[in-house]
Amino acid sequence: MDRIKISGGNELRGIIPISGAKNAALPLMIASLLTSDTLTLENVPHLADVEGLMRILGNHGVDIAVNGRRERQEDGYSRTIHFTCRTIADTTAPYELVSKMRASFWVIGPLLAREGRARVSLPGGCAIGTRPVDLFLEGLAALGAEIEIDGGYVNATAPKGGLIGNHYRFPKVSVGATHVMMMAATLANGTTVIENAAREPEVVDLANCLNAMGAKVSGAGSKTITIEGVTSLSGARHRVLPDRIETGTYAMAVAMTGGDVTLEGTDGALLENALDTLRQAGAEITETPSGLRVVRNGNGIQPVDVVTEPFPGFPTDLQAQFMALMTRSSGVSHITETIFENRFMHVQELARLGARISLSGQMARVEGVSRLKGAPVMATDLRASVSLVIAGLAAEGETIVNRVYHLDRGFERLEEKLTRCGAVVQRVSE
Ligand code: EPZ
């Protein structure tokens, strides 16, 4: 199993290219199930989760060609990939696949819309929380689907003439359930109105792609999304938006180590709340023609309180990284996690590096310390893992981050991007 070895203490200086967003690429790839034509996605990041979803889509009958060739391209940053699903080969998404990657549950929307039926394994528990799927099922039922749970699988069946447009208000904001309902409604009879929809940029990206495929989706990015059903969708070419979580992660790394880095190809509008929080903590962040420039202003790291919220609030996917930064602040900060009930697994690992953090329910109290000291650590999800990398970059001596496969799920060429900016980071294979 690979590990990442970090010798901390260096400032970061240089350019980091930001990849296409994992959490946009996954639903966009799933949207290819909605059409028999080719959906071409540009700027798809080269990540384990993307490779995993390709295998899952292949099982449903999607033919996948990377950069016009059938074989996978093993090097090179974000790629152009062609997805063609002439016919759905299988409407079952088996447990062995869905349990490995949660987002694969989302195939339920397109399968139901296009084939009138889907049998999809319940994803099961997860390291960051229970993550139920009740909202997906309620939303699909509102479109007329009959839902039955049997032997760990969701069996969903559309009415004879197909799904039927309806008004539905989500009792709680869910990114995944919004993606799924939006995709399912594109091929429903009549108009669907989704209220209390997720407003994340990845939802907007999916809506833009669906519209390029001939769907009629309006309002994405607001709390109310309207989808007028159409009889079929066509192929399209769409560019995956930049990864706002990768952007925020490297911005926090620079705030932590000091230095001057340009995050190339990204857009500050995707993460305004997180950037404002970082500015309060002491980073100078400016928009440049090529992306964002992050400079640490030399005044040390100020403590800032944050509460995670659905977009446009502070993202839960940056909570662990921000906590790593706050471990070195000059005071006390409070970090409250409101999205997932178990997303503090990094706390005890940061403590191994010398951080002073106490937990009380969903709130962490972080007392800044003047130094962190390297140690072997590990984490149970990808954002927690990268928070340990950030802490390791600023720690004295050597930090070894175990279970690198988590990082490979969501960060493209992490060690290469950091090394080019002067960090001493090395992947060690056993
Ligand atoms: C997406 O997960 C992201 N994943 C997550 O990123 C991200 O943390 C999350 O949104 C919140 O921003 C992808 O886009 C692939 P939710 P998702 O449904 O859609 C509860 C990462 O590190 N809920 O918005 O699964 C749920 O338990 C990952 O890249 C229900 O109660 O998240 C949670 O408390 C991790 N019932 C809350 O809603 C449901 O049916 C928000 O979850 C569905 C969700």
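## Ser32 and its surroundings

In this predicted model, the side chain of Ser32 reaches the backbone oxygen of Met29 at a distance of 2.6 Å. Ser32 belongs to the loop that runs between α1 and β3. Its relative accessible area is 0%, so Ser32 is buried.

Which residues is Ser32 in contact with, leaving aside its neighbours within four places in sequence? They are Leu39, Leu57, Val62, Phe83, Cys85 and Arg114.

## Helix α4

Helix α4 spans residues 108-115. Six of its eight residues are buried, so the helix is largely enclosed by the rest of the structure. The buried residues are Ile108, Gly109 and Pro110, together with Leu111, Leu112 and Ala113.

What covers the buried residues of α4? The cover includes the helices α1 (22-31), α2 (48-60), α5 (134-142) and α6 (175-186). It also includes the strands β7 (117-121) and β9 (153-157). Just after α4 comes Gly116, which takes a positive phi of about 80 degrees.

## The ligand and its shell

There are 23 residues around the ligand, and those that come nearest are Asp134, Ser174, Asp317, Ile339 and Arg383. By residue type, the shell divides into 12 nonpolar, seven charged and four polar residues.

In Asn23, a polar side-chain atom lies 3.1 Å from a ligand oxygen atom. At Pro132 a polar backbone atom is involved, 3.2 Å from an oxygen atom of the ligand. Asp134 has a polar side-chain atom 2.6 Å from a nitrogen atom of the ligand. Taken alone, the ligand exposes 830 Å², of which the protein buries 90%. Two or more residues of the shell come from each of the elements α1, α5, α6 and α12 (382-394).

## Strand pairing around β15

Strand β15 covers residues 259-264 and pairs with strand β2 (residues 12-17). This pairing is parallel and runs over six bridges. Within it, Leu12 stands opposite Gly259.

β15 also pairs with strand β17 (residues 291-296). Here the sense is antiparallel, and the number of bridges is five. Glu264 stands opposite Gly291 of β17.

Ile128 is located in the loop between β7 and α5. Is Ile128 buried or exposed? Its relative accessibility is 5%, and buried means under 20%, so Ile128 counts as buried.

Ile128 and Thr380 are 252 residues apart along the chain, while their C-alpha atoms are separated by 8.2 Å. Leaving aside neighbours within four places in sequence, Ile128 is in contact with Phe340, Glu341, Asn342 and Arg343, and also with Asp381.

## Lys417 in helix α14

Lys417 has its place in helix α14. With a relative accessible area of 1%, Lys417 is buried. Where does the side chain of Lys417 reach? It reaches the backbone oxygen of Pro17, at 2.8 Å.

## Backbone details

Asn43 has a positive phi of about 65 degrees although it is not a glycine. Asn43 lies in strand β3, which covers residues 38-44. Its relative accessibility of 12% is under the 20% limit, so Asn43 counts as buried. Arg413 is another residue other than glycine with a positive phi, near 50 degrees. Arg413 is found in the loop between α13 (405-410) and α14 (414-419). At 29% relative accessibility, Arg413 counts as partly exposed.

The bond from Phe311 to Pro312 is cis, with omega near 10 degrees. Pro312 sits in the loop between β18 (306-307) and α10 (319-326).

Terms used:
Residues are numbered from 1 along each chain as its sequence is written. This is a predicted model: local features need pLDDT of at least 70, side-chain atom pairs count only at pLDDT 80 or more; totals for chains, interfaces and linings use all residues. Side-chain values use heavy atoms; hydrogens and water are left out. Two strands pair if DSSP finds at least two bridges between them. Helices (H or I, at least four residues) and strands (E, at least two) are DSSP runs, numbered from the N terminus. Buried means under 20% relative accessible area, exposed over 50%, partly exposed in between (1.4 Å probe, protein chains only). Contact means heavy atoms within 4.5 Å. A residue is near a molecule or strand if one of its heavy atoms lies within 4 Å of it. A polar contact is a pair of N or O atoms within 3.5 Å; within protein, one must be able to donate a hydrogen and the other to accept it, and residues adjacent in sequence count only if both atoms are side-chain atoms. Accessible areas come from the Shrake-Rupley method with a 1.4 Å probe; for residues, only the protein chains shown count as cover. Ala, Val, Leu, Ile, Met, Phe, Trp, Tyr, Cys and Pro count as nonpolar, Asp, Glu, Lys and Arg as charged, and the others, Gly among them, as polar.
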